[in-house]
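Here are a few exercises to work through with the model open beside you. Try each task before reading its solution.

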Amino acid sequence: MFNETAVIPALVARLRPVLDALGVDYEVVAVDDGSRDDTVSVLFDHGRDWPQLRVLRLRRNSGHQAALTAGLHRAVGQWVVSLDADLQDPPETIAEMLRVAREDGVDVVYGVRADRSTDTVFKRNSARGYYWAMRRLVGVDLPAQAGDFRLLSRDVIEVLRRLPERAPVYRLLVPSLGFPSAEVRYDREARAAGETKYPLRRMVALAWESTANFSAAPLRLATWLGMSSFLLCLALIVFGMVVHVSGTTIPGWTSMFVAVLLLSGVQLVCLGLLGEYVGRIYATVQNRPAFHVGFDSRDEVPGAETVARGDGHSRTPSFDSAVGVRG
């Protein structure tokens, strides 16, 4: 939440009945991202009558993804749902997400926007362009029109907590982990109250963070530009020699022309190679695990330790469950 005083009463009125009807213990971690209005005091007013409401306030406005990180790291539930306060993503979908996770045995359930007619034309087109670009630049199996409204299991949360990400982009990071997943579609609603906290500059910043965090494409662009420029320099050197042989140049022009082109081409290639090594340093510093083991038949034997499912039951992993997992 960031300056969401106007929307909190509507959020509580819709969210609490949904969670009470689940018939399970729950908590609501309301992350205040350094609001400058009465967001915190209004939350405390509602917390007097709603003991499951927990307020987590950040000292300053740290940004959407940072606030989301704080909530995910502090939440203690077996299942965790991330939800923006503006009610554009309907809380009523949470019950369906939990049902799908339990019945399908998946660790991630994405909320996918089936209808975005309440958004502006610019917002719809920019979102479509973002997902198209991310699939090609990042290479992640990114669910279309899936934002930060999702359900995660405790296993996913623990992996996210161990990752040394300083500026995670969860709509790309979560799919990259490869946990079994499913989707729940819903109609995106208009903002219940207040003003959007995601203007154009924040959307551009999100696109850049997504690209910089998950791809060395900008560095590789320098490599390809360097190679292309080097080939162009070689072609121009051949042109300069032909012109020199034809005798249509002034003395000294050819040598100067060839020297400048040769040095420029070599510099551009060296910059591209430097970019390649910087990209590898960048990937090493991120220190993301190269893989996550989901099943090992040597370890999953009869009598092995059971795994809690979070719905009051447990299971012992087997070959059947391993083969039946959908990713």
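**Exercise 1: Salt bridges**

A search of the whole structure finds 13 salt bridges, a salt bridge being a side-chain nitrogen of Lys or Arg within 4 Å of a carboxyl oxygen of Asp or Glu. Before you start, note that this is a predicted model, in which local features need pLDDT of at least 70, side-chain atom pairs count only at pLDDT 80 or more, and totals for chains, interfaces and linings use all residues. Residues are numbered from 1 along each chain as its sequence is written, and side-chain values use heavy atoms, with hydrogens and water left out.

*Task.* Find where Arg16 and Asp20 lie, and describe how their side chains meet.

*Solution.* 
1. Both residues belong to helix α1 (residues 8–20); helices are DSSP runs of H or I with at least four residues, strands are runs of E with at least two, and numbering starts at the N terminus.
2. Arg16 and Asp20 are 4 residues apart, about one turn of the helix.
3. Their side chains form a salt bridge of 3.6 Å, N to O.
4. Arg16 is partly exposed at 27% relative accessible area, and Asp20 is partly exposed at 42% (buried is under 20%, exposed over 50%, partly exposed in between, with a 1.4 Å probe and protein chains only).

**Exercise 2: A link between strands**

*Solution.* 
1. Arg57 sits in strand β2 (residues 53–57) and Asp32 in strand β1 (residues 28–32), so the pair ties together parts that are 25 residues apart in sequence.

**Exercise 3: The nonpolar core**

*Task.* Which residues of the largest nonpolar core touch the most other members?

*Solution.* 
1. A nonpolar core is a set of buried Ala, Val, Leu, Ile, Met, Phe, Trp, Tyr and Cys residues joined through side-chain atoms within 4.5 Å.
2. The largest has 30 residues, and Leu15, Leu19, Val28, Trp50, Val109 and Leu151 touch the most other members.
3. Helix α1 gives the most to this core, with 6 residues.
4. Beyond its neighbours within four places in sequence, Trp50 is in contact (heavy atoms within 4.5 Å) with Val12, Leu15, Arg16, Leu19, Tyr26 and Val28.
5. A second, separate core of 19 residues includes Val112, Ile157, Leu163 and Tyr170.
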